[in-house]
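Subject: Structure handover

Hello,

Here is the structure for you to open. My notes on it follow below.

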Amino acid sequence: MSESNVQQGQEWLSNLLGHLGIETLVSGDKPEIAQTKFKDFGGFWLTIDDSGLSPEQVDLLIGSNGQMLDAIQYLINSTLNVGKDKEARTAYTIEMSDLRVNRYDELTQLAVQTAQSVRETGQESVMPPINSAERRLVHTILCDESDLETVSRGQEPDRRLVVMLATDEGSEQE
């Protein structure tokens with residue numbers, strides 16, 4: 001079943017790229033560096049091969065701060081999961097030019113700095129605005145820190161991740 005999910009994702013993404021006038025390969029393999037960093041994350045990776053693309057095409061697909069790639073990822077997940085029970089849904093991560101891997105490193109560094117600040121001051125820290133997928137990622141990065149807990153507060157588009165010292169009540173995650 002997973003091979004058919006990968007193939008379905010590859011076909012969907014290739015068709016979308018074709019509508020944009022971009023002909024390139026879409027791989028169903030997780031990039032090597034991502035295999036270690038994202039080993040515990042479920043779902044499937046689809047990697048857009050940017051080696052034959054012009055700088056303008058790369059810029060178009062990535063967008064400002066990765067927003068276009070995020071939008072494509074949102075579309076594929078919404079489209080291919082519509083009408084499915086929660087257990088039958090598939091999570092797709094769209095990668096290009098190591099954007100996800102590099103962003104993971106940035107978020108890890110931000111999470112570690114925030115955790116250190118909370119431990120030093122004893123005060124909760126509100127992180128800068130990040131999208132819901134990145135908030136979930138930071139929740140996951142910090143989930144093994146038993147002295148800390150993370151919560152998301154507020155409403156989109158101003159929902160923020162908050163890191164605080166743990167209480168006896170446990171943590172509430174998105």
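The buried residues of H1 are covered by elements that include strand S1 (26–27), S2, H3, H4 and S3. Cover here is by contact, meaning heavy atoms within 4.5 Å. Buried means under 20% relative accessible area, exposed over 50%, and partly exposed in between (1.4 Å probe, protein chains only). Helices (H or I, at least four residues) and strands (E, at least two) are DSSP runs, numbered from the N terminus.

A word on the source. This is a predicted model: local features need pLDDT of at least 70, side-chain atom pairs count only at pLDDT 80 or more, and totals for chains, interfaces and linings use all residues. Residues are numbered from 1 along each chain as its sequence is written, and side-chain values use heavy atoms, with hydrogens and water left out.

Helix H1

H1 has 18 residues. Its first and last C-alpha are 26 Å apart, close to the 26 Å expected at 1.5 Å a residue (the expected span is 1.5 Å times one less than the number of residues). Asn5, Val6, Gly9, Trp12, Leu13 and Leu17 are buried in H1. They sit on the same side of the helix, because they cover an arc of only 135° around the axis. That arc is taken from the directions from the helix axis to the C-beta atoms. Glu3 and His19, on the other side of H1, are exposed. Gly21 follows H1 and has a positive phi, near 80°.

Cores

A nonpolar core is a set of buried Ala, Val, Leu, Ile, Met, Phe, Trp, Tyr and Cys residues joined through side-chain atoms within 4.5 Å. The largest one has 20 residues. Leu13, Leu46, Ile48, Leu61, Ile94 and Met96 have the most contacts inside it. Two or more residues each come from helix H1 (2–19), strand S2 (44–48), helix H3 (55–62), helix H4 (67–81) and strand S3 (92–95). Apart from this core lies another, of 13 residues, including Ala111, Val138, Leu148 and Leu161.

What does Ile94 contact, leaving aside its neighbours within four places in sequence? The partners are Leu13, Leu46, Ile48, Leu69, Ile72, Gln73, Ile76 and Arg100.

Aromatic pair

Rings of Phe, Tyr and Trp (its six-membered ring) pair if their centres lie within 6.5 Å; planes under 30 degrees apart count as stacked, over 60 as edge-to-face and the rest as tilted. By this rule there is one aromatic pair. The ring centres of Phe44 and Tyr92 are 6.1 Å apart and their planes are at 40°, so the pair is tilted. It links distant parts of the chain: Phe44 is in strand S2 and Tyr92 in strand S3, 48 residues apart. Phe44 and Tyr92 are both buried.

Points to check by eye

- Glu134 is in helix H6 (residues 132–142). It is buried, at 14% relative accessible area. It touches Arg103 and Leu107, not counting residues up to four places away in sequence.
- The peptide bond from Glu156 to Pro157 is cis, with omega near 10°. Pro157 is in the loop between strand S5 (148–153) and strand S6 (160–165).
- Asn65 is not a glycine, yet its phi is positive, near 55°. It lies in the loop between H3 and H4. Asn65 counts as exposed, at 75% relative accessibility.

Overall

The protein has six helices and six strands. Buried residues make up 35% of its 174 residues.

Best wishes
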